[in-house]
2 protein chains.
Amino acid sequence: MEQEHVVGVDIGGQTAKCGIVNARGEVLAQTILVSNTFSDAQSFVDALASTLKLLISDAGFEGQIRGIGVGAPNGNFYTGEIKDAPNLPWARSKNIPFAKMLSEAMGGLPVALTNDANAAAVGEMTYGAARGLKDFIMITLGTGVGSGIVIGGNVLYGHDGFAGELGHTIAIRGGRTCGCGRQGCLEAYCSAIGVARTAVEWLEQHPDESSLLRLRENVTSKDVYEAAKAGDKAAKEIFDYTGSILGRSFADFIAFSAPEAIVLFGGLARAKEFLYEPIVRSMNESVLPIWKDKVKVLFSSLSESDAAILGASALAWNL
Amino acid sequence: MEQEHVVGVDIGGQTAKCGIVNARGEVLAQTILVSNTFSDAQSFVDALASTLKLLISDAGFEGQIRGIGVGAPNGNFYTGEIKDAPNLPWARSKNIPFAKMLSEAMGGLPVALTNDANAAAVGEMTYGAARGLKDFIMITLGTGVGSGIVIGGNVLYGHDGFAGELGHTIAIRGGRTCGCGRQGCLEAYCSAIGVARTAVEWLEQHPDESSLLRLRENVTSKDVYEAAKAGDKAAKEIFDYTGSILGRSFADFIAFSAPEAIVLFGGLARAKEFLYEPIVRSMNESVLPIWKDKVKVLFSSLSESDAAILGASALAWNL
């Protein structure tokens, strides 16, 4: 039974979610470390190592951990570094040799690192909606828009380890300013923040139309989802717009790697009932005829609380 | 010495270029078959087989040919079929099992088929500017815009064998109608035909400015190139515009596969002196900061008459 388990760590702007996972993809124990209070990398790594050691010993898995898989923004699989992650105060404008630091703090346990969207793709392929698929594109719709591209069963890392930044392909030339400083990125329209921006624009452009969203002071994507559930016309139009932009971009992604499916994951993907139809319609209207009605659009089947941990942990099986 | 040679066939709308190639990438003998007079696939295959047999026997290589590599529009590496190639009268709106048919007509010699841009990528990697590169994108600037994507030393074929149609990603949403029936494709701006269309637009939009191009009745991309060589301001602006559109699209391609280089090939790539600077400038202005000034733009180093044959022939070494 020794070394039959792996640890998954999903590092986000607010928290690091940590869990112990078995070979069947069950999260046996988990915990959360608040991550936005650390300003230097070493103190975050030390706190994370303490948290993981406690989790492992409390759950009775000492000596049974094969390795640790970490998903983090701007994580580089080749180098094990987190490179200039604007949402992590301790990794802003810096290169952090995170895999090496965590391995040392964990007494030499091997650590694999990749970006959070690639981790999600591995998780989805190992345990989720993409099981059995060898060529697919994972799109994560969260605070930002991330992507993990799988080709022939392997994550595409590219020459430098940073391949798959599809949230920063241009959806609308000269469009909205994105968090990256450029204009018109897919992320500026189809992330949670992008949906909220669309809502604000919709309300401004339709001053005479009523909407539940007018009752909110700072509209969030969650408000838009809840309003759509309640039948709000504006909220549905906002998801239509979001879906149609996603579908158009997917048509370009298909021309690149000819995937069997595009898999959606993340908080916004919960709005499947409002996004699926406009995405599929717009994608099939926009794509080259050879791929019309050929590429599946799937939504993650992993339970949301486990998915991030599972995705990261799946990396560790190859250590 | 037996089977130390391969045959390369590059099928275009007008001609099929055929050659015998040795392991050092030297074209030892070549010939051209006019291809646009055939209306059914079997008669074209029969004529091609006769041409190849004659070429092989005339050059004294009977019994020394390992296999045949074919590059053709809409050629599918997985299935060996040419699928609905609008520029080939004998393959229009049809699926032609070309590799099988040619192999049979050649007495069982193995035949590998792929699309012309993938063949060019293999050729460039085996003999040309991409030697030693494992992650690059080949862009062919000819009558159309094609692409061959190489990842980890292998051509990306995707789930169905048709990956790498980057000429049909959208450069300008709602822009010019493309030959594929959609709007705004990169090909509608940056192919030879696209450059000629830009020239016509430029002349219309600048009625008071003089240009050598006004002396032409039907401006071609070759006229634009020659005018630019002669110092014509309009012609240079047309290449600036073409290069800046290519550069913006390259920025999106880089976000997909993070290549080490983008390699340009084809008739228009001869205009390197006018295209290089605007491409590189626009690409670096448009790309995510992590790739700024990192991705090389290379121009094919293969002599144009040999390149198409070499590219196709390179496929046959793995048969």
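## Working through salt bridges and interfaces

B:Lys229 is exposed, with 51% relative accessible area. Keep in mind that this is a predicted model.

**Exercise 1.** Find the salt-bridge partner of B:Lys229 and say which parts of chain B the pair ties together.

*Solution.* Start with the partner: B:Lys229 pairs with B:Glu273, with 3.6 Å between the closest N and O atoms. Now place both ends. B:Lys229 sits in helix H6 (residues 221–229) of chain B and B:Glu273 in helix H8 (residues 272–286), so the bridge links parts that are 44 residues apart in sequence.

For a contrast, go to helix H2 (residues 98–105) of chain B, which holds both B:Lys100 and B:Glu104, four residues apart, or about one turn of the helix. These two also form a salt bridge, with the closest N and O atoms 3.6 Å apart, and both residues are exposed.

**Exercise 2.** Work out whether A:Glu260 and A:Lys296 are buried, partly exposed or exposed, and where each one lies.

*Solution.* Take the pair first: the two side chains meet in a salt bridge, 3.3 Å from N to O. A:Glu260 is in the loop between H7 and strand S11 (261–265) of chain A, while A:Lys296 is in strand S12 (residues 296–299), so the bridge ties together parts 36 residues apart in sequence. Next, accessibility. A:Glu260 has a relative accessible area of 19%, so it counts as buried, the cut-off being under 20%. A:Lys296 comes out at 40%, so it is partly exposed. The whole structure, over all chains, has 22 salt bridges.

**Exercise 3.** Describe the interface of chain A and chain B: how much area is buried, and which residues and elements of chain A contribute?

*Solution.* Begin with the totals. 39 residues of chain A are in contact with 39 residues of chain B, and about 3,200 Å² is buried between the chains, 60% of it from carbon and sulfur atoms. On the chain A side, A:His159, A:Arg173 and A:Phe256 lose the most area, together 25% of what that side buries.

Then the polar side of things. The interface has two salt bridges and 16 residue pairs in polar contact. A:Asp252 forms a salt bridge with B:Arg173, with 3.8 Å between the closest N and O atoms.

Last, the elements. Strand S9 (145–151) and helix H7 (233–257) of chain A each give two or more residues to the side that touches chain B, with H7(A) giving the largest share, seven residues. By class, this side of chain A divides into 21 nonpolar, eight polar and ten charged residues.

Notes:
Residues are numbered from 1 along each chain as its sequence is written. Chains are lettered from A and ligands numbered from 1 in the order in which they are written. This is a predicted model: local features need pLDDT of at least 70, side-chain atom pairs count only at pLDDT 80 or more; totals for chains, interfaces and linings use all residues. Side-chain values use heavy atoms; hydrogens and water are left out. Contact means heavy atoms within 4.5 Å. Buried area is the accessible area (1.4 Å probe) that two parts lose on being put together, summed over both. A salt bridge is a side-chain nitrogen of Lys or Arg within 4 Å of a carboxyl oxygen of Asp or Glu. A polar contact is a pair of N or O atoms within 3.5 Å; within protein, one must be able to donate a hydrogen and the other to accept it, and residues adjacent in sequence count only if both atoms are side-chain atoms. Ala, Val, Leu, Ile, Met, Phe, Trp, Tyr, Cys and Pro count as nonpolar, Asp, Glu, Lys and Arg as charged, and the others, Gly among them, as polar. Buried means under 20% relative accessible area, exposed over 50%, partly exposed in between (1.4 Å probe, protein chains only).
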